[in-house]
Amino acid sequence: MRTRQILCPTDFSETASHALGYAVEMASLYGVDLRIIHVVSEPYGAHNYGIIVESDEELEQHLHAYANGKLEQIVQDAQKSMPAGLKVIGQVRAGGVLGQLILDAEENDVGMIVIASHGHTGLSHLLNPSVAEALANKAKCPVMVVK
């Protein structure tokens, strides 16, 4: 853990921002770099951001541009909280969220993942499976789920 990065996925929500605070703390404590990742899923998902477009390709370009802009600001803010010499790396990936998070963790030899819980309970939890829960079960490194 003391030589490996910490991965913190974000969906740009308040809960993800809260988890990022923990990730910055953990990275500072262990003296390791921090990776912040956002996965752009299918264009017709819950995150269309109110964009009006004429083609799927145009929508995908707008989604990536939006995600890159938001992520760049988050990375800059997180870097200010990190000790000198430690880096904050941001990346936008495309595809299935769970698969991309696991792939990124393995490709970058991540030592820990810090992810926000979506907070669903009861029937809502059964109908909306948690990425955090699935990640905790499938990742090869420790996963901290933050409420």
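V110 sits in the loop that links α3 (97–107) to β4. The model described here is a predicted one. With a relative accessibility of 2%, V110 falls below the 20% cut-off and therefore counts as buried.

Although 103 residues separate V110 from L7 in sequence, their C-alpha atoms lie 6.4 Å apart. Leaving out residues up to four places away in sequence, V110 touches R4, Q5, I6 and L7, together with R35, D104, A105 and C141.

## Overall arrangement

The protein contains 5 helices and 5 strands. Along the sequence they follow the pattern β-α-β-α-β-α-β-α-α-β. Of its 147 residues, 37% count as buried.

Among contacts between residues at least 6 apart in sequence, 73% join residues at least 24 apart. The pair V110 and L7, 103 residues apart, was described above.

In soluble globular proteins, nonpolar side chains tend to be buried together. In this model the largest nonpolar core has 28 residues, and I6, L20, L34 and I36 are those with the most contacts inside it. At least two residues of this core come from each of β1 (6–9), α1 (14–30), β2 (34–40), α2 (56–81), β3 (88–94) and β4 (112–116). The element that gives the most is α2, with 7 residues.

Neighbours within four places in sequence aside, L20 is in contact with C8, L34, I36, I74 and A78.

## Helix α1

α1 is a helix of 17 residues. The distance from its first C-alpha to its last is 25 Å, close to the 24 Å expected at 1.5 Å a residue. Just after this helix, G31 adopts a positive phi of about 70°.

Which residues of α1 are buried? They are A16, A19, L20, A23, V24, M26 and A27. Viewed down the axis of α1, the buried residues lie within an arc of 165°, so they line one face of the helix. An α-helix has 3.6 residues a turn, so residues three or four places apart point the same way. E14, E25 and L29 are exposed on the other side of α1.

T10 is located in the loop between β1 and α1. Its relative accessibility is 12%, so T10 counts as buried. A polar atom of the T10 side chain lies 3.0 Å from the backbone nitrogen of F12.

Not counting residues up to four places away in sequence, T10 touches A16, I36, I37, H38, L71 and I74.

## Cysteines

How many disulfides does the model contain? The count comes to 0, where a disulfide would need a pair of cysteine sulfur atoms within 2.5 Å.

C8 has a relative accessible area of 1% and is therefore buried. C141 is buried too, with a relative accessible area of 11%.

Note on methods:
Residues are numbered from 1 along each chain as its sequence is written. This is a predicted model: local features need pLDDT of at least 70, side-chain atom pairs count only at pLDDT 80 or more; totals for chains, interfaces and linings use all residues. Side-chain values use heavy atoms; hydrogens and water are left out. A nonpolar core is a set of buried Ala, Val, Leu, Ile, Met, Phe, Trp, Tyr and Cys residues joined through side-chain atoms within 4.5 Å. Buried means under 20% relative accessible area, exposed over 50%, partly exposed in between (1.4 Å probe, protein chains only). Helices (H or I, at least four residues) and strands (E, at least two) are DSSP runs, numbered from the N terminus. Contact means heavy atoms within 4.5 Å. The expected span of a helix is 1.5 Å times one less than its number of residues. The arc is that of the directions from the helix axis to the C-beta atoms. A polar contact is a pair of N or O atoms within 3.5 Å; within protein, one must be able to donate a hydrogen and the other to accept it, and residues adjacent in sequence count only if both atoms are side-chain atoms.
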